[in-house]
Amino acid sequence: MSGLKLAAVRHRYGTQTVLSVERFEVAVGEHWLVLGASGSGKTTLLHVIAGLLRPSEGEVEVAGQALAALSGAALDRWRGRTVGIALQAQHLIAHLSVRDNLRIAQYLAHASQDDARIAETLDALGVGDKAARKPFELSHGERQRVTIARAVVNRPRLLLADEPTANLDDDATARAVDLLTEQAKVHGATLVVATHDARVKAKFAHTLRLGPP
């Protein structure tokens, strides 16, 4: 069973094609980098893989599940249990503590609230002592670690990251990529990172390069 499979996937907004991928297949546990300039469809691709966006055409299968067969609440539950997403904008809920941000991830996955699992995940990423803090009380690097913690707290089979090294210097970029790859290995997850940052290319054995659709 592949970790991820796309066949003849295209997405359009009106008459404009913003994503075109003829074939993209990733084995379970592989780490892939998706490179491309701004506007090449990297974020759209991640949204399609996560089931956040239905492509205009083509087939998407993740961990043996054809996404076209799921809709509504079933798709939301599947995503919460199967996919961990670390978005560039982080999207942490400002008025909630770090711990509650991870509790929300468990709730959306219809998983039992498990504070021990939350503590374990935060500890593993070096922010266990920040559980009661609000996101605005954290440094950028700490918020990034919390975002990754939220993405992996439900032990996803697929981990997606969108521009995780944006606005980071070389040292912080290396740490961010190491955190993602280490967490993917710990959980046996397939990892797909989308970026325009060629600095991280050497850390990935597999690369998909997107050009203009």
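Modeller: Start at Leu-108, which sits in helix H3, residues 98-108. Keep in mind that this is a predicted model.

Colleague: Why is Leu-108 called exposed?

Modeller: Exposed means over 50% relative accessible area. Leu-108 has 53%, so the label is exposed.

Colleague: What makes the nonpolar surface patch that includes Leu-108?

Modeller: Ile-104, Tyr-107 and Leu-108 make the patch. Its area is about 330 Å². Nonpolar side chains are joined within 5 Å, and each residue needs over 30% relative accessible area.

Colleague: Now the whole protein chain. What makes it as compact as a globular protein of that length?

Modeller: The protein chain has six helices and nine strands. Its radius of gyration is 17 Å, and the globule rule gives 17 Å for 213 residues, so it is as compact as a globular protein of that length. Buried residues make up 49% of the 213 residues.

Colleague: Let us look at one loop. Where is Gly-36, and why is Gly-36 called buried?

Modeller: Gly-36 is in the loop between strand E3 (31-35) and helix H1 (42-49). Its relative accessibility is 10%, so Gly-36 counts as buried. The cut-off is under 20%. Leaving aside neighbours within four places, Gly-36 is in contact with Lys-42, Thr-195, His-196 and Leu-210.

Colleague: On to charges. How do you know that Arg-10 and Glu-22 form a salt bridge?

Modeller: The rule asks for a side-chain nitrogen of Lys or Arg within 4 Å of a carboxyl oxygen of Asp or Glu. Here the N to O distance is 2.5 Å, and the side chains meet in a salt bridge. Arg-10 lies in strand E1 and Glu-22 in strand E2, so the pair ties together parts that are twelve residues apart in sequence.

Colleague: What makes Arg-12 and Glu-57 a salt bridge?

Modeller: Their N to O distance is 2.8 Å, and the limit is 4 Å. Arg-12 is in strand E1 and Glu-57 in strand E4, 45 residues apart. Arg-12 counts as partly exposed, at 32% relative accessibility. Glu-57 has 32% too and counts as partly exposed. Arg-10, Arg-12, Glu-22 and Glu-57 are linked in a network of salt bridges.

Colleague: How many salt bridges does the structure hold?

Modeller: The structure holds 14. One of them joins Asp-170 and Arg-199, at 2.6 Å, N to O.

Colleague: Why is Asp-170 called exposed, and Arg-199 partly exposed?

Modeller: Asp-170 has 54%, so Asp-170 counts as exposed. Arg-199 has 40%, so Arg-199 is partly exposed. The limits are 20% and 50%.

How values were computed:
Residues are numbered from 1 along each chain as its sequence is written. This is a predicted model: local features need pLDDT of at least 70, side-chain atom pairs count only at pLDDT 80 or more; totals for chains, interfaces and linings use all residues. Side-chain values use heavy atoms; hydrogens and water are left out. Patches are made of residues with over 30% relative accessible area and no salt bridge: like charges are joined within 9 Å, nonpolar side chains (Val, Leu, Ile, Met, Phe, Trp, Tyr) within 5 Å. Accessible areas come from the Shrake-Rupley method with a 1.4 Å probe; for residues, only the protein chains shown count as cover. Helices (H or I, at least four residues) and strands (E, at least two) are DSSP runs, numbered from the N terminus. Buried means under 20% relative accessible area, exposed over 50%, partly exposed in between (1.4 Å probe, protein chains only). The radius of gyration is taken over C-alpha atoms; the globule rule is 2.2 Å times the number of residues to the power 0.38. Contact means heavy atoms within 4.5 Å.
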